[in-house]
Amino acid sequence: MYKRQNQDYCYSNLKRLSDIPVHYEGVCRTRRWAYDVVSQMYTFPNILEMIAKEKGPAPKFYKKPFYLCEYAHAMGVGAGELERYVQTFYSADHLMGGCIWEFADHAIYHENGKYEYTYGGDHGEEKHDGNFCVDGLFYPDRTPHSGALQMKVCYRPVRAEKISNNKFKFKSYRYFANAEFTVKYRFLVDGIEKSKGDFSLNIPPQQTVTKEISEINADNSKNCVIVFDYFDGDFPVASEQITLSEGVLPFTAPSRLSKIRAEKSENKLFIYFDKGMMIFNKSTGFIESYIYNGKELINQVPGSDFKGFGLQLYRAPIDNDMNIKRAWEKCRLDSMINYTKNNNYVIKDTFAEINSTIVVIAPKLKSKLAEVKAKYTVFSNGEIKADYTCISGKPKMQIPRFGVQLEMPACFENVKYFGLGDKVNYPDFKEHALTGIYECKISDMFENYIKPQESAVRCDVRFAQITDCDGMGFSFEAIDKPFVFSANPFTPQQCAKAMHKEDLPKGNTSCINIDAEILGAGSNACGPLTSNKYRLGKLKGKKLSFVVKPIGD
């Protein structure tokens, strides 16, 4: 009561001094509700959309200007759904926008210490908030997180919209100055640049102009995108891309195949193909060995509890998972177990077909997490078509991913992928990522956060190749729809145990994840969990298909 009276007193005296509107977020937790501005932290995006339309949750939300003094939590990977918030801000005049928490990470720098940066609990203090002070868009040295790059794109002053495959509308979101920029564009087909050019924009505030780019010729059978890079002189203001056609990803069985040969020995099936062989373990349901041109492509001393292609539902928690990960820890999702039943196989002339049912359980959960039908079609040229269909699974928690994990020996460290890059991106956190073909080392895939987390994720991937210094390895190619891809020099469990980036193991493995879906980033360390659109929900009915091809001679 006295606190409210104190704030009312302050407000009254401020209004005697100035007509400037007064904002105080804490008043929304009293019956007064607001002063001159309605303010609230971390309003869910769907609620904000209702407020924008003046349809709910109550008239008091939109009788005065509405301001989100915090609305996106940029701690670690994220924040998720930033673009949705920004689009909602633009949709209604009474929405004033909001502030992201926060600008920069707070951590103690040690020039020659064991850890470059330390945080709460590292110095013997009894009371602390752990790494909750490491919660900014920028690292302590002011290097931008991927979240800062996402913010830069979402806050861009000009936005493009496709009118037709050759015509684009550009709108200025400035209110006072003209939007004067040089625009450089690139037209890409299946990740390869086919044409490029540039033009100038000079758009009055809140107005639009239309540009026609005649040399673009989109092909619906291919993935076609146009990328616009905006420059103010030499300064890159922002980039955005528009997808003109998604393309198709059909499976075509290899032709001109030789005869395949298989041998059964106790609980293992040995399949011999051109230039190599593989071993399927009927007890585990895993392809546990794959030798091509005399080289083993599957890590025989993995960091995980399984060897070969195994189902994976766990991810190393990101900072915005800090609330939902409690359910993962309670049931020991990080120690989930795959076991198989109903294995059978048939050998045809040029291929072998292996079918099994994989059951996924967590040690401290009474019911199974999922039951998945796995089918491997192994062709005599060494290609494997992998199909996974979940036939049951309705976990009572937010499952972070549905996919397959494979560890390769650490010498397979070269990555080439066609998808969104070149920074970490999630389904609700990818405005900063552009479609392209990227090449890097596995050690460069993950973002080096002060506290490690699942940060090597790439969405909308059509193929990913992992090779050694001789150019040998695997190519993973999507069927029907793109997959989510990540590659790390450690497993999700090893990443989850590391409290600092210096704790991560090095040189032991190359851990590859191919996912049908992955949970979004959200803002749940402080704000909302990601929306239903970016959650997995029930697992039953989920499918994942891809082709594994050996590459290099």
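Which residue forms a salt bridge with Lys295? The partner is Asp468, and the closest N and O atoms of the two are 2.6 Å apart. Please keep in mind that you are looking at a predicted model.

This pair links distant parts of the chain, 173 residues apart: Lys295 sits in strand S17 (residues 295-296), while Asp468 belongs to the loop between strand S27 (463-467) and strand S28 (473-478). Asp468 is buried, with a relative accessible area of 4%, whereas Lys295 is partly exposed at 23%.

The whole structure holds 28 salt bridges. Here are three of them, with the N to O distance of each.

| Asp468 | Lys295 | 2.6 Å |

Asp229 counts as buried, because its relative accessibility is 12% and the cut-off for buried is under 20%. Arg186, with a relative accessible area of 25%, is partly exposed.

Elsewhere, salt bridges with shared partners join Glu49, Glu81 and Arg84 into one network.

In soluble globular proteins, nonpolar side chains tend to be buried together. The largest nonpolar core in this model has 79 residues, and those with the most contacts inside it include Met278, Phe309, Tyr376 and Phe476. Strand S21 (residues 370-379) gives this core its largest share, five residues. Apart from this core lies another, of 27 residues, with Leu48, Phe61, Ala74 and Ala92 among them.

What does Phe309 touch, leaving aside its neighbours within four places in sequence? Its contacts include Phe286, Ile298, Tyr388, Val404, Leu406 and Val548.

**A three-stranded sheet**

Finally, look for an open, antiparallel sheet of three strands in the order S6-S7-S10. Strands S6 (158-162) and S10 (208-212) are at the edges with a single partner strand each, so one side of each has no neighbour in the sheet. From one strand to the next, the twist averages 25°. Strand S7 (residues 167-172) pairs with S10 over five bridges, and Phe170 stands opposite Val209 in S10.

Methods. Residues numbered from 1 in each chain as written. Predicted model: local features only at pLDDT ≥ 70, side-chain atom pairs only at ≥ 80, totals over all residues. Heavy atoms only, no water. Core = buried A, V, L, I, M, F, W, Y, C linked by side-chain atoms within 4.5 Å. Buried < 20%, exposed > 50% of the residue type's maximum accessible area, 1.4 Å probe, protein only. Helix = DSSP H or I, 4+ residues; strand = E, 2+ residues; numbered from the N terminus. Contact = heavy atoms within 4.5 Å. Pairing = 2+ DSSP bridges. Axes fitted to C-alpha atoms, helices over the stretch in contact; angles between N-to-C directions. Salt bridge = Lys/Arg side-chain N within 4 Å of Asp/Glu carboxyl O.
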